[in-house]
Amino acid sequence: MEERLAAVETQVAALTERLTAAPPAPPATEGTFWALDGLKQRLPSDGAGAVLYTGTVRVADQHYDWQYGRTVDDLLAADWTELSSTLSALAHPVRLRLLREVLAGRQSTSELAEIEELGTTGQLHHHLRQITAAGWLRSAGRGRYAVPAERVVPLLAILTAAGR
């Protein structure tokens, strides 16, 4: 019995060591611009180029993987004025704070109303309507909001670019 117990203890110790050990380092990438190099390999050599953003995000027990790209020719040919309402919805500190709070897990109107810096209930609803109309939030029913999955990485990419 003692031998069997000792064998089990040895196995448990080995498993515990494996589970608590640092994860293996990710494989080395080729060069500093590995994502850019991959994009270049997929583009025709006679084109103007492309823009790609991608991300893997875990916030508030949710996981989002997203990748999107467009050619420079398509971007330059598009009507940028159509984007002004989508971008202007982000151009207010309270709206940005609301998006951050919703991503972090505070998703109900009552939870958001507890944050004094967001203003009165009327102001809160005004800002929620603005960012919902622009597509940065969606109603999740019964006074709850969520950032649509397809908007999480783009939002973070915009914030990354703005902070540069």
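The structure is a predicted model, in which local features need pLDDT of at least 70 and side-chain atom pairs count only at pLDDT 80 or more, while totals for chains, interfaces and linings use all residues. Residues are numbered from 1 along each chain as its sequence is written, and side-chain values use heavy atoms, with hydrogens and water left out.

The chain contains eight helices and four strands. Helices (H or I, at least four residues) and strands (E, at least two) are DSSP runs, numbered from the N terminus. The order of elements from the N terminus is α-α-β-β-α-α-α-α-α-β-β-α. Of the 164 residues in the chain, 21% are buried; buried means under 20% relative accessible area, exposed over 50%, and partly exposed in between (1.4 Å probe, protein chains only). The accessible surface of the chain is about 12,100 Å², and carbon and sulfur atoms account for 55% of this surface. Accessible areas come from the Shrake-Rupley method with a 1.4 Å probe, and for residues only the protein chains shown count as cover. Contact is defined as heavy atoms within 4.5 Å. Among contacts between residues at least 6 apart in sequence, 45% join residues at least 24 apart.

The largest nonpolar core comprises 23 residues, and L98, L99, W136 and L137 have the most contacts inside it. Such a core is a set of buried Ala, Val, Leu, Ile, Met, Phe, Trp, Tyr and Cys residues joined through side-chain atoms within 4.5 Å. At least two residues of this core are supplied by each of α5 (93–104), α7 (121–133) and α8 (149–162). Helix α5 gives the largest share, five residues. With neighbours within four places in sequence left aside, the contacts of W136 include T86, A89, L90, L99, I131, A146, V147, P148, R151, L155 and I158.

Helix α8 has 14 residues and spans 21 Å from its first C-alpha to its last, close to the 20 Å expected at 1.5 Å a residue; the expected span is 1.5 Å times one less than the number of residues. V152, V153, P154 and L155 are the buried residues of α8. The cover over these buried residues includes β1, β2 and α5. In helix α6 (residues 109–113) lies T109, which is buried at a relative accessible area of 14%. Beyond four places in sequence, T109 is in contact with L124, H125, L128, G143 and Y145.

Four salt bridges were found in a search of the whole structure, a salt bridge being a side-chain nitrogen of Lys or Arg within 4 Å of a carboxyl oxygen of Asp or Glu. R97 and E101 form one with an N to O distance of 2.8 Å. Both residues lie in helix α5, four residues apart, about one turn of the helix. In general, an α-helix has 3.6 residues a turn, so residues three or four places apart point the same way. R97 is partly exposed at 22% relative accessibility, whereas E101 is buried at 11%. Apart from residues up to four places away in sequence, E101 touches R106, L112 and I115.

R97 also meets E117 in a salt bridge (3.4 Å, N to O). E117 is in the loop between α6 and α7 and R97 in helix α5, so this pair ties together parts that are 20 residues apart in sequence. The relative accessibility of E117 is 56%, which counts as exposed. A salt bridge between R106 and E114 has its closest N and O atoms 3.9 Å apart. R106 is partly exposed at 29%, and E114 is exposed at 56%. Salt bridges that share partners join R97, E101, R106, E114 and E117 into one network.

W80 lies in the loop between α3 (72–77) and α4 (84–88) and is exposed, with a relative accessible area of 54%.

Positive phi values occur in two loop residues other than glycine. D61 has a phi near 60 degrees and is located in the loop between β1 (50–59) and β2 (62–71); D61 is exposed at 77% relative accessibility. For R142 phi is about 50 degrees. R142 is placed in the loop between β3 (138–141) and β4 (144–146) and is exposed at 86%.
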